[in-house]
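Let me put the model up and walk you through a few spots.

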Amino acid sequence: MAELALSPLLQVVFDRLASPLLGKLRDLYDLKKNFEKLQYSLPMILAFLEDAEERQVADKAVKIWLNKLKNVAYDSDDLLDELAAEITLCEIRSNITRGNKVSGLLLPFKPSRRIFDVACELQEKLMVLDKITGEGLNLNFKKKGDEFLKLEFALPKGELTISSLENVRNAKEAKNANLKEKHLHVLGLSWGNNEVALNTKSAGKKVPGLPCGSGGSDAGLEVDDILACLEPHPNLRKLFIKGFPGFKFPFWVLPNLVALALINCKRCESLPALGHLPFLETLYLQGMDNIKHISREFYGQDSQKLFPSLKELTLREFPNLEDWCGMDNTEVFPQLRKLILEKCPNLMAVPLFPSVQHVELQDCHPSIINSMENSTSLSNLVIHTFPGLLLLSEELLKNNGSLTSLKISSCQNLHSLPSELEKLTALKSLSISWCEELSCLPQGLQYLKSLESLEISECHGLFSLPDDGVMTCLGYCCCYKALVFCNNFTGEEKPICQRPPVKLGIQLDLPFDAAIGTQ
């Protein structure tokens with residue numbers, strides 16, 4: 001049968017995409033992401049083919065799937081032929097133009113328009129191929145040996161992503177993957193459609209990770225067991241889990257972990273114990289709808305230092321999180337440099353982060369800003385989307401005199417800024433936007449001698465600037481983008497330069513078409 005040639009054909013397509021010749025274009029034309037998807041889905045397709053070829057005679061849907069797979073594979077192979085020829089031609093032309101002989105080491109070349117067009121077509125084919133792989137999962141093919149995934153293929157650079165884990169039937173099937181014996185450095189585990197938010201509350205529908213008809217707390221507990229059986233090798237360095245529909249994370253021994261991301265694990269009731277991990281540097285947590293408390297359990301085993309190496313911490317979309325406890329008499333987050341908190345509307349306070357330098361707060365309770373007052377090491381502060389914020393904390397600015405960048409945006413009811421702003425003599429960038437109720441700026445801005453960039457936009461309640469030489473500070477600005485779309489402003493716009501000419505970047509209140517027409 002013609003379909004029997006699919007396995008070698010797909011392997012040829014994959015090998016050609018991985019070749020150095022096409023490597024030059026993967027980044028240039030955004031093919032890298034599609035190639036990486038194929039890198040992980042190809043072994044799955046090859047595992048399906050044997051069963052698909054047997055079933056196509058009696059199952060029309062399978063035959064259609066195989067035909068689609070064959071067509072896109074042949075199309076991709078043809079495009080790769082054309083792309084290789086065009087690349088070679090462009091390289092030859094480029095070398096001739098430069099007066100060099102064509103040799104084994106070709107100089108960089110300028111891609112032709114045809115290369116761009118073919119690369120775009122190839123990108124579309126790779127997207128179709130990825131979609132066809134997903135369709136194959138829905139046809140319930142048997143893998144070789146009827147196992148979940150043998151993982152006998154070569155793992156590129158010790159990296160592995162396993163998606164559609166909702167098709168795993170039980171813990172035994174997950175255990176057969178034997179991940180603990182695979183020397184992986186990076187592991188991604190994903191349930192459900194990555195492009196669509198999981199719906200784990202629909203009664204009677206399939207719960208990810210379990211057969212159709214399973215649901216409720218028993219279903220969630222069985223998914224917990226499935227994840228527990230996917231424990232990776234202790235040498236793992238990066239772990240990404242997305243869409244896990246269980247209630248609790250397992251305790252895995254991962255002493256070398258440096259990065260962890262947990263995304264859209266919406267039914268989990270607590271975070272895993274992580275504070276004892278000695279090398280963890282980056283922690284990204286998002287979409288934890290069911291978590292109400294970050295308790296002592298999060299910090300893990302008692303130690304003199306907890307989260308000793310953590311440098312970046314992000315919490316996004318914790319709609320029900322109410323409190324976050326600290327740890328008394330223990331050093332916590334000693335190396336944390338960057339903190340991002342977004343969409344935690346019920347969280348009113350956070351523990352102390354003694355060395356944090358970069359803080360972004362977005363769409364949270366206004367009290368969370370006040371809880372940061374004891375920080376003394378901030379250099380960058382972003383405050384975004386706080387409709388309930390009326391006044392900015394004076395203590396926060398007073399205690400962080402080394403602040404170099406301050407950005408405040410979408411705080412519609414913010415009336416004024418504290419006078420302590422004038423004491424931020426290290427401030428280089430000040431941006432204030434979409435603060436409609438802001439009617440004035442504090443006196444003393446002329447003391448901001450380090451200011452290089454000032455941007456004030458969409459502050460329609462602002463009528464004027466302070467009188468006491470505020471424009472003097474603008475003479476030190478390298479990039480002046482002040483008073484953009486402040487409709488009611490009536491004051492002086494041009495800065496008084498106190499040193500040699502500076503760069504002015506004043507934006508005018510013009511319609512978009514008119515603005516680009518003046519380029």
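Buried here means under 20% relative accessible area, exposed means over 50%, and partly exposed is in between, with a 1.4 Å probe and protein chains only. Strands, at least two residues of E, and helices, at least four of H or I, are DSSP runs numbered from the N terminus.

Quick housekeeping. This is a predicted model, where local features need pLDDT of at least 70 and side-chain atom pairs count only at pLDDT 80 or more, while totals for chains, interfaces and linings use all residues. Residues are numbered from 1 along each chain as its sequence is written, and side-chain values use heavy atoms, leaving out hydrogens and water.

Back to β4: what does it pair with? On one hand, there's β5, residues 282–286, parallel to β4 over 5 bridges, with L260 opposite L283. Then there's β3, also parallel to β4 and joined to it by 5 bridges; here I241 stands opposite L262. To call two strands paired, DSSP has to find at least two bridges between them.

Of its 16 lining residues, P250, W252, L254, P272 and L274 are the closest to the centre. β3 (238–242) and β4 (259–263) are the elements giving two or more residues to that lining. A cavity is a set of points on a 1 Å grid, over the protein atoms alone, where a 1.4 Å probe fits but cannot get out, and lining residues have an atom within 4 Å of a point.

How does the lining divide? It's 15 nonpolar, 1 polar and no charged. Nonpolar is Ala, Val, Leu, Ile, Met, Phe, Trp, Tyr, Cys and Pro; charged is Asp, Glu, Lys and Arg; the others, Gly among them, are polar.

Last, some loops. Most residues other than glycine have a negative phi. W434, between β15 and β16, sits in a loop and has a positive phi, near 55°. E458, in the loop between β16 and α10, has a positive phi of about 55° too. Buried or partly exposed? W434 is partly exposed at 43%, whereas E458 counts as buried at 15%.

Definitions and conventions: 1 Å grid on protein atoms, 1.4 Å probe; cavity = no way out; pocket = protein on both sides within 12 Å on 5 of 7 lines; lining within 4 Å.
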